[in-house]
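Please read through this report with the model open beside you. It takes the strands, a metal site and a pocket in turn.

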Amino acid sequence: MSERPRPTRDRRGFLRSLAALSSAAALPRIGRASARTSAATSPRTVATTLRAAPARRQVVGTDWPATEVWSYNAVVPGPEIRARRGDRLRVTVENGLAQETTVHWHGIRLPNAMDGVPHLTQQPIAPNGGRFEYTFDLPDAGTYWYHPHARSSEQVDRGLAGVLIVEESEPIRVDRDVTWVLDDWRLDRDARIVEDFDSLRDATHAGRIGNAVTVNGAVTESLPVRAGERLRVRLVNVANARIFALEFEDHAPRVIALDGHPVPPHPPAGGRVVLGPGMRADVVLDCGGEPGRRYRIIDRFSARLNYRVVDLAYSDGPALRASPLAASVALAPNPLPEPELAAAVRHRVEFAGGMMGGVRGGPEAMRALLRNGLAWTMNDVAAASHTPDPLLTVARGRTVLLEFVNATAWWHPIHLHGHAFRILTRNGRPEPLRPWADTALLAPEERAEVAFVADNPGRWMLHCHVLEHQGAGMMAVVHVR
Ligand code: C2O
Ligand code: CU
């Protein structure tokens, strides 16, 4: 076990002994104050503006210089947008960057024209002042997020990402509803972002892994809690490539939602909450620790490189209550169309390429791809843009069963736009809870079957959310018509 944040080997000296670290700040918030203060009201429109532009932020401790980032509204992560299920969201995006951008609303089942994929669903928002208005309804409650879909490896990495929370009409009872945005950054000794976004080494291996892990945009020593309180923690992994497997020392979190969608409350498998890039988990944490003590949250994803992400720091005061709240933590389901498996159209989607892997056509074909900055294929095609020919075309309303086959030596979080799917099996074995998700994390050589009703017309991305893999060809289009 080592100290957080974990620098990569060559930069080990850098972020090791951070002295002046802060407690995590709450995220700036737009929209409803909280579901608990607003009685059930009719749907309304939540309107806001997001301006993408450069800013300076204290990503590491105050002993280091501020970092030049790209941000929404000058904060990293971007403002937390809150609305309630059924509300309409209207967001005007202003592009203050010197390159094109878009905003994608990750996990939201919205009209195709609002999906934020450059050239596929909209013209990119022009640099230096371009604007675009996104307007759509929010059909599902849960934890979602937004980020650019243009040159994602660079734009998301530099800090463009924010959380979108859609509250239930009847939320569960908790003392605090908190959001922990997990990210990592590749910084040099002066806390500057290392600008090797097009590294072919990252693209062919695990993606751009950083050397500073942040919670809510800053390297964070501790998160304050009070004995006896019940937290709803919304975990969101906005890192380009890092996979987290969080263990809560001496605590027993219960997972209540994955990728926004409710699951029966359950302890995470193996005691670890696993989140690939793009993925979310809502967990209920009953703070049963002792006042004044600290408990570690440890990332155990890599067997060789466990590290402490952050501490839960208990205040000294007396416990809020003697025993945990008895109230149920089960969430009501979202109105998702149930796949009709007997009538499903089946498609196999094979992922290939990467280091220690191959593509059809052998080493020569692989070298040809690499010369063009590509390294991965889906059904033998490496997409060089957001507008490849559709991988599959399906009639609206059909149930689609996708068999994902990871024929590579690497992990891939595979994300589908515009829909949520049920994860049915992994390596032929039924997945116990058949959870709804928009992203399925595939281990090396793993297979998984997912199914969904293709009820949302349009051209939808299906891609790896390791953004360097996506940029190196690992994306495709599913056309629903
Ligand atoms: Cu989170 Cu295609 O994206
Ligand atoms: Cu990948």
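Strand 5 (residues 78-84) runs parallel to strand 10 (residues 162-167), and 5 bridges join the two. The model is a predicted one. Within this pairing, glycine 78 has glycine 162 of strand 10 as its bridge partner. Further on, arginine 82 stands opposite isoleucine 165 in strand 10.

Strand 5 also pairs with strand 2, in the parallel sense, over 3 bridges. Here glycine 31 stands opposite arginine 82 in strand 5. How many residues of strand 5 are buried? The count is 7 of the 7, so strand 5 is largely enclosed by the rest of the structure.

Another open sheet has 4 strands, in the order 4-3-6-8. Its pairing is mixed. Strand 4 (67-72) and strand 8 (131-137) are the edge strands here. Each of them has a single partner strand, so one side lacks a neighbour in the sheet. Neighbouring strands of this sheet are turned by 20° against each other on average, direction ignored.

Strand 6 (residues 88-95) and strand 8 run antiparallel, joined by 7 bridges. Valine 93 stands opposite phenylalanine 132 in strand 8. In a regular strand, side chains alternate between the two faces of the sheet.

| Strand pair | Sense | Bridges |
|---|---|---|
| Strand 5 and strand 10 | parallel | 5 bridges |
| Strand 2 and strand 5 | parallel | 3 bridges |
| Strand 6 and strand 8 | antiparallel | 7 bridges |

**The copper site**

Which residues coordinate the copper ion (ligand 2)? They are His412 through ND1, Cys464 through SG and His469 through ND1, at 2.0 to 2.1 Å. Along the chain, these donors follow the spacing H-x51-C-x4-H.

Are histidine 412 and histidine 469 buried or exposed? Both are buried. Cysteine 464 lies in strand 32 (residues 458-464). Its relative accessibility is 0%, so cysteine 464 counts as buried too; the cut-off for buried is under 20%. Cysteine 464 is 175 residues from glycine 289 in sequence, and their C-alpha atoms are 38 Å apart in space.

**The second largest pocket**

The second largest pocket holds about 760 Å³ of space. It is lined by 31 residues, and the closest to its centre are Leu258, Ala269, Val274, Arg426 and Glu431. Several strands give two or more residues to this lining, among them strand 16 (254-258), strand 18 (273-275), strand 19 (280-286) and strand 27 (421-426). What classes of residue make up the lining of the second largest pocket? There are 22 nonpolar, 2 polar and 7 charged residues.

Methods. Residues numbered from 1 in each chain as written. Chains lettered and ligands numbered in written order. Predicted model: local features only at pLDDT ≥ 70, side-chain atom pairs only at ≥ 80, totals over all residues. Heavy atoms only, no water. 1 Å grid on protein atoms, 1.4 Å probe; cavity = no way out; pocket = protein on both sides within 12 Å on 5 of 7 lines; lining within 4 Å. Points joined across faces, edges and corners; volume = space filled by probe spheres on them. Nonpolar A, V, L, I, M, F, W, Y, C, P; charged D, E, K, R; others polar. Donors = N, O, S within 2.8 Å, 3.2 Å for Na, K, Ca; no water. Buried < 20%, exposed > 50% of the residue type's maximum accessible area, 1.4 Å probe, protein only. Pairing = 2+ DSSP bridges. Axes fitted to C-alpha atoms, helices over the stretch in contact; angles between N-to-C directions.
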